[in-house]
Structures are given as C-alpha cells and as structure tokens.
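Please open the model in a viewer and keep the selection tool at hand.

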Amino acid sequence: MTIAVDRFRTAVNTRDLCALDDLFTEDIRFYSPVKFTPFEGRPMVLGLFGVLLRTFEDFRYVGEFAGTAQTSVDGAEAPAAVLLFRTTVNGKKIHGIDMVHLAEDGRIKEFTVMVRPQSAVHALGEAVLAGLVADGLVPTE
C-alpha cells in the first residue's frame, strides 16, 4: 500500500481530522453514495470528513486491495486502493468500500464511497446531511 493510503487509514482510525489535511490535493473530488455530484475541494471534503468521523459508530477497515484504475474526471490511469469497511449509523449496520485514487505527488485526488444495504444508505444520507447543515457546509433546504 502507499504511504498516503496508510496515513489516511491511521488518520481515520484515530479520528484525526488535522492529519487528513495534507493527504488531499487542493482539488480533491469526493463521490458520495447519497449525492450524484461530487463534493469538490479540500475545504469541503475536510468538512465532510469531520461530519463522517462524528457520524460513524465503531468504524473499522477490514481489508484492502491496491492497483491502478481510471479516474472519474479524466479517465487517466492512476494508482488506486480499495479499502473495505464496516460501521454503524443510527443503528444500521453498513458494509462499504472506499475507492481512493492518487495524484502523481502521492496525495489523494479522488475518493469514492459505496455502501450497502439500501436502508443503510438512507440512514447515512440523513445523518450526513444533518451534520453538513449543522456545520454550515450546505444550506438548509
């Protein structure tokens, strides 16, 4: 695994939001399972991670795969990792994967999350939206 991915896992496991700051490119794109368009830019993605770290209960990574994959933005082949995780949100058990694409400088440039089952996706979406609104990252609807 790459240094950035190892450091990312450590930061998430210790819930250290400050450690994530230098792991993301300035123009990072975060693809969420509950929103079609990505969250864009380091400040927004760091804010989102702040909400996620508060929202997830008993979050843990349970496996990983490394290789290369095409990015969503330009289809370029980039080093990538898939991190398997388990967590709970509002009593709903979640199985998921984080797909991480790395930039040439080794920082994370694209991040995609996929989760199951569908009931957990809804619970996650509601909890994250409430956190984003509470933190002033998205307007109230």
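**First stop: charged pairs**

Select R9 and E64: these two residues form a salt bridge, with their closest N and O atoms 2.0 Å apart. A salt bridge here is a side-chain nitrogen of Lys or Arg within 4 Å of a carboxyl oxygen of Asp or Glu. R9 lies in helix α1 (residues 3–13) and E64 in strand β3 (residues 57–70), so the pair ties together parts that are 55 residues apart in sequence. Helices (H or I, at least four residues) and strands (E, at least two) are DSSP runs, numbered from the N terminus. R9 counts as buried at 18% relative accessibility, whereas E64, at 32%, counts as partly exposed. Buried means under 20% relative accessible area, exposed means over 50%, and partly exposed is in between (1.4 Å probe, protein chains only).

Before continuing, note that this is a predicted model, in which local features need pLDDT of at least 70 and side-chain atom pairs count only at pLDDT 80 or more, while totals for chains, interfaces and linings use all residues. Residues are numbered from 1 along each chain as its sequence is written, and side-chain values use heavy atoms, with hydrogens and water left out.

Next, select R29 and E40, which form a salt bridge with their closest N and O atoms 2.8 Å apart. This pair links distant parts of the chain, R29 being in strand β1 and E40 in strand β2 (residues 39–40), 11 residues apart. R29 is partly exposed at 21% relative accessibility, and E40 is partly exposed at 48%.

Then move to R107 and D105, whose side chains meet in a salt bridge at 2.8 Å, N to O. R107 has a relative accessible area of 27% and is partly exposed; D105 is partly exposed at 49%. By the rule stated above, the count comes to seven salt bridges.

**Second stop: the sheet**

Display the strands as a cartoon. Six strands form an open sheet in the order β2-β1-β6-β5-β4-β3, and the pairing is mixed. The edge strands are β2 and β3, each of which pairs on one side only. Two strands pair if DSSP finds at least two bridges between them.

Now select T87, which lies in strand β4 (residues 77–89). T87 is buried, with a relative accessible area of 2%. What does the side chain of T87 reach? The side chain of T87 reaches the backbone oxygen of E57 at 2.7 Å.

Show the side chains of F8, F24, F30, F39, F49, F56, F59, Y61, F85 and F111, which ring pairs link into a cluster. Rings of Phe, Tyr and Trp (its six-membered ring) pair if their centres lie within 6.5 Å; planes under 30 degrees apart count as stacked, over 60 as edge-to-face and the rest as tilted. The count by this rule comes to 13 aromatic pairs.

Zoom in on F30 and F111: their ring centres are 5.2 Å apart and their planes are at 10 degrees, so the pair is stacked. F30 lies in strand β1 (residues 24–31) and F111 in strand β6 (residues 108–116), so this pair ties together parts that are 81 residues apart in sequence. F30 is buried at 3% relative accessible area, and F111 is buried at 1%.

The charged end of K35 sits over the ring of F39, 4.6 Å from its centre. A charge sits over a ring if NZ of Lys or CZ of Arg is within 6 Å of the ring centre and within 35 degrees of the ring normal.

**Last stop: helix α3**

Finally, select helix α3 (residues 42–55). Its 14 residues should span 20 Å at 1.5 Å a residue, and its end C-alpha atoms are 20 Å apart, which agrees. The expected span of a helix is 1.5 Å times one less than its number of residues. Is α3 mostly covered or mostly exposed? α3 is mostly covered, with 11 of its 14 residues buried. Among the buried residues of α3 are R42, V45, L46, F49 and T55.

Terms used:
Polar contact = N/O pair within 3.5 Å; in protein donor to acceptor, adjacent residues only side chain to side chain.
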